Amino acid sequence: MPTPRAPEDASVNRLQYIVTRLLQMIPTMLVIMILVFALVRLLPGDPAVAILGDRVTPQAIARVHKELGLDKPIPLQFWYFLERVVQGNLGTSVNLKVPVIQLIADRMPITLGLTLYAGMLALLMSVPAAVLSALRRGTWIDNLIRAIFQVGLSLPVFYLSLQLLTVFGARLRWFPVGGVGPTLTSDLYYLFLPALSLGFYLAAILMRNLRSSILEVLDAEYVDFARSKGIRPRLVLLRHILRNALISTVTLFGLSIGQLMGGAVITETVFAIPGVGRLMVTSIFGRDYAVVQGLTLAFAIVIMVVFLLTDLVYSVLDPRTKVA
Amino acid sequence: MAAPSAAARPGRSRRLASFRPKPTLLIGAAIVLVMIAMALFPQLIAPYNPTTFDYNAILQAPSAQHWFGTDNFGRDVLSRVVYGSRIDMQIALFTTLFPVLFGTLMGALTGYLRGWLDALFGRIVDVVMVFPFLILVIAIVAMLGPGLTNMYLAVSVVNWVYYARLVRGETLVQNQSEYVQAARVMGYSPSRIIFRHIFPNAVTPAIVYWMTDMSLGILLGASLGYLGLGAQPPTAEWGVMVADGKNFMVTAPWISTYPGLVLTLAGVGFSLVGDGLADLLRPKR
């Protein structure tokens with residue numbers, strides 16, 4: 001492939017970096033496919049029977065066997081599976097009678113929105129707290145902030161969700177007790193409690209990391225230098241301390257998005273939010289295995305994309321990053 | 001954070017002599033000990049039988065007879081919380097035991113031997129990192145069927161990777177050190193070098209992580225219990241208890257609130273112990 005000639009070296013480099021990262025994703029993707037393919041085979045007995053649920057007839061079993069190629073050797077079955085996935089065919093939901101890909105397309109935006117919202121709230125909570133805590137190190141305010149976030153690390157999402165829902169939804173009626181709003185802006189209101197309970201754990205992780213990176217940066221020579229140049233303290237904090245301390249926190253944030261999305265399974269269940277997380281749980285209890293399989297794959301793909309974006313943001317934030 | 005006095009005095013015996021754990025470590029250890037005591041001797045601590053229905057004492061608010069109140073079957077919530085410790089401490093152990101044993105072993109092997117085993121391990125790590133932990137565990141439990149045993153299986157299949165990654169990294173560092181090179185020069189066999197020389201030195205971070213991981217294991221187990229995929233009712237498990245009381249949150253909030261508080265407290269206890277150990281064992285500069 002001819003390398004496109006770009007006006008700037010940096011952009012060529014960046015493009016190269018993106019292509020390299022995309023190529024690196026291929027073997028990972030292959031292993032993910034094997035895993036997701038193998039998942040349904042954990043089911044005891046004939047997968048066709050499990051997929052069909054209540055509608056088991058000899059004809060239906062024969063049809064599914066033919067469809068999935070279950071009479072063929074396993075490597076060939078895997079090949080058929082790959083073919084179907086590439087064509088966007090993830091099977092059909094037994095209970096909802098809708099193609100799985102359709103279900104995912106409908107509900108994934110809600111989960112992504114909730115996850116993003118939770119991530120934003122986590123940043124809004126953790127960054128000011130970490131700055132305050134680090135700058136007032138060893139004082140009562142530092143201890144208080146650290147104690148609150150220490151509890152945040154151990155507060156289960158389902159429990160926090162349930163308590164927030166009861167107190168601010170059912171008792172005080174400040175917020176709706178579940179579901180999503182009719183419009184996008186109303187979602188900010190509807191999803192506030194779910195996003196808060198989902199984001200608090202991440203906030204605790206980020207606060208810890210950012211606090212210790214700020215403390216590390218505070219000792220750096222370039223900070224002493226900036227100060228001795230007579231730059232105003234606020235500017236030193238923003239340009240020199242925070243910018244450098246945030247680098248590792250941004251990476252941690254990107255890497256944690258996956259865990260955050262996992263937590264959405266719980267939040268969505270507690271708050272009855274029609275996203276993919278709740279769909280996963282209802283499908284498990286409805287024995288809708290094609291949906292469970294499809295969702296597992298969808299989660300992995302979304303998070304691979306998020307990781308890619310994180311790497312790109314990182315390379316922009318930290319000019320020292322070179323293409324590996 | 002680290003006591004400055006310890007920095008000036010190297011040497012293991014000296015360090016132990018100046019052993020002054022931070023108060024947070026002591027608080028954490030105290031919490032963990034109470035939890036373990038509840039798990040080992042619930043009958044001595046719990047005032048009532050945790051599974052006996054008492055239809056004369058349904059949905060009673062906390063009182064002198066029932067400190068944590070009673071649930072919709074008249075079961076004493078405090079007693080159920082105490083007995084619940086039995087299940088949740090078991091969860092802490094069984095979600096981490098296989099991972100810590102197998103994971104540290106694999107980490108040392110892949111880190112020392114490299115080659116195809118290490119390459120394969122690299123792919124496995126990539127994949128496990130790409131899945132949200134909870135999603136992967138839930139997907140496996142979905143296929144195997146809900147329940148504690150299947151949950152342990154599902155968590156173990158995924159969780160060992162984290163330990164292996166830690167020990168592998170540490171093994172790579174130790175591999176460069178002089179004592180390992182000396183052992184190689186002496187002509188020791190790979191297995192002797194791995195198990196007698198590298199492993200004892202590379203395993204420390206994994207042991208520290210084990211404590212923190214137990215707290216994660218408890219939270220994960222309780223979350224699956226809440227969703228109905230872990231321990232099954234009527235088992236007294238804290239996550240299941242929170243789920244049992246969720247329809248009474250407005251009229252009888254104590255049913256869910258107390259188990260959840262104790263669950264959080266257990267999580268705090270284990271993670272404080274983990275942090276405290278990490279502080280103590282971190283090489284002082």
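Two residues are in contact if their C-beta atoms, placed from the backbone, lie within 7 Å. By that rule, the contact between the two chains draws 39 residues from chain A and 33 residues from chain B. On chain A's side, the elements that give two or more residues include helix 1 (9-40), helix 12 (276-285) and helix 13 (289-317) of chain A. The largest share, 8 residues, belongs to helix 11 of chain A. Helices here are DSSP runs (H or I, at least four residues), as strands are (E, at least two), numbered from the N terminus.

This is a predicted model, in which local features need pLDDT of at least 70, side-chain atom pairs count only at pLDDT 80 or more, and totals for chains, interfaces and linings use all residues. Residues are numbered from 1 along each chain as its sequence is written, while chains are lettered from A and ligands numbered from 1 in the order in which they are written.

Now for chain A itself. It has 13 helices and 0 strands, and its C-alpha atoms fill a box of roughly 80 × 65 × 35 Å along the principal axes.

Helix 9 (residues 192-218) of chain A passes helix 11 of chain A at an angle of about 160°, with axes 8 Å apart; axes are lines fitted to C-alpha atoms over the stretch in contact, and angles run from 0 to 180 degrees between N-to-C directions. The two helices are therefore roughly antiparallel (over 145 degrees).

Here is the make-up of two contacts by class:

| Side of chain A that touches chain B | 28 residues | 10 residues | 1 residue |

Ala, Val, Leu, Ile, Met, Phe, Trp, Tyr, Cys and Pro count as nonpolar, Asp, Glu, Lys and Arg as charged, and the others, Gly among them, as polar.

How values were computed
Parallel < 35°, antiparallel > 145°, perpendicular 65-115°, else oblique.
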